[in-house]
Amino acid sequence: MDAQVSAMLPVLETGSTTEICNKLQEFNKENAQTFVFSHLETKTKEGFVSGLLKVLESKTEPECVHLCLEAIRILSREKTRMSLLERPQAINAILRHAGYTNDCYEINPEVITEAQKCLCNLIYLSTAVQRICGESDECTANLVARIKQYHNAAITDDIKFFDLRFLFLLTALCPNLRVRVRSEYNGVAILTDLLASTCFGSSEASAPRGEPDHLTEKQTDMACEILKAVFNTIIHATVAEIAGESSDVLRKQGQLLRRLLMAESTSDDKTDELSSQTINVLTNHLPSICINELIPETTEGATGGVATYNGRNMEAIVRILKFVESRMEKHHNGRNMRRMKKFVKGKMGKASKIIHLFMLQGLLPELSLVVQKINHITAILHRLHLLLIQKFCLTDENPYSIALAHLGKLLTIYTSHTSRFTRPLQPFINQRMIVTYIVTELPWCSLLDHGITYFCF
């Protein structure tokens, strides 16, 4: 590979546009699946990157620029030896081709998408690039401005997707931009409107009566990118700060989150991903005006499978609990412990008393069913542990007191029924031992996927 790339350097320097395109097509095709360039000498790689940046600055033909950006994208997959691509001049050139500067080039969808992919790779792998993009007022302003123009047919679905992916990475890796996107650029309102139009074809958020929404794979992918950007935008905001948004925006956001919780995608995996990102947003400090939209008043004559409580439709809450329980039973490890603890502090329980009471009334009956069906002490305590976490998810009570109270209830109810339960339960009657067992022996689980999941393009 080193000899092949070395032979390309003179062509990049003095060759015609046709010669440059031919060489770049050959390189891009051969390295389409290459992620590490261990056989490429550092000096050769630097010379190649330097030549590509010169072509990017001097050539205007869309095909040549596209192939040049494609080669840069392939090279940007490797985290090491990126010094030339981390310089402000190089990043600003790519930002111009992506349309994120005031003096951006003429719009060409393929060129824009390729530049977006380069930026996504670079900002993910390089702290220097994160700093450059985070300090660029033009970058964020032009990105948000284009998102507001998505009704324009000239903006392709690929451009929209990578705009949102880049916004997600920007707000995840450049914390200083989160407040700016939310307050200066009105990001919550813009992303809420975009979520409605992307998933449901209009700016209206309220769901029609009948079957749940069915989203295509493309709609699901776009919705997940939007939800990730929303999550980053409000992650460290207080209830008071988010409540500063328009009440219409907050109600609309709550209605959309409910529809997405109830929606189905093209596969179980896609539906699971959509639910995960939707619930991620709900782990933030959302005000009651938003949370209450999750539990609308029941329609007249609603019966059958509709879960109701105190005149409210609780189907979305039931869906959340089922999702959380499935995650806890699937992931028996300590990943994302900090985020899991934050989730179980009871954001929705604080915001809505009805949700809080609904959770309380649902716990003990399920405990009864558990003990009737399970005879082994470890299985009983493990199941109880999951239920206690599930309850604590939407309330604001101390987990130790919850554990003691309900284990005590369990012992009281079932001690008189059969000695099968009392004998294995004897070692756990001491309260300190009960708490120690629950906290240290039974695995705390990762409920949601909060980390940045990213694969270089």
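Me: What makes a stretch of this predicted model a helix, and what follows helix α5?
Reply: Helices are DSSP runs of H or I with at least four residues, numbered from the N terminus. Helix α5 is followed by Gly99, whose phi is positive, near 85°. This is a predicted model, in which local features need pLDDT of at least 70, side-chain atom pairs count only at pLDDT 80 or more, and totals for chains, interfaces and linings use all residues. Residues are numbered from 1 along each chain as its sequence is written, and side-chain values use heavy atoms, with hydrogens and water left out.

Me: Why is α5 called largely enclosed by the rest of the structure?
Reply: Buried means under 20% relative accessible area (exposed is over 50%, partly exposed in between; 1.4 Å probe, protein chains only). Eight of the 11 residues of α5 (residues 88-98) are buried, so the helix is largely enclosed. Among the buried residues are Ile91, Ile94 and Leu95. Their cover includes α3 (42-58), α4 (62-75) and α6 (109-125).

Me: Why is α9 called oblique to α10?
Reply: Axes are lines fitted to C-alpha atoms, for helices over the stretch in contact (heavy atoms within 4.5 Å), with angles from 0 to 180 degrees between N-to-C directions. The axes of α9 (residues 157-173) and α10 (residues 176-184) come within 6 Å and cross at roughly 125°. Angles under 35 degrees count as roughly parallel, over 145 as roughly antiparallel, 65 to 115 as roughly perpendicular and the rest as oblique; α9 is therefore oblique to α10. The contact is made by Leu167, Leu170, Thr171 and Ala172 of α9 and Leu177, Arg178 and Val181 of α10.

Methods: Helix = DSSP H or I, 4+ residues; strand = E, 2+ residues; numbered from the N terminus.
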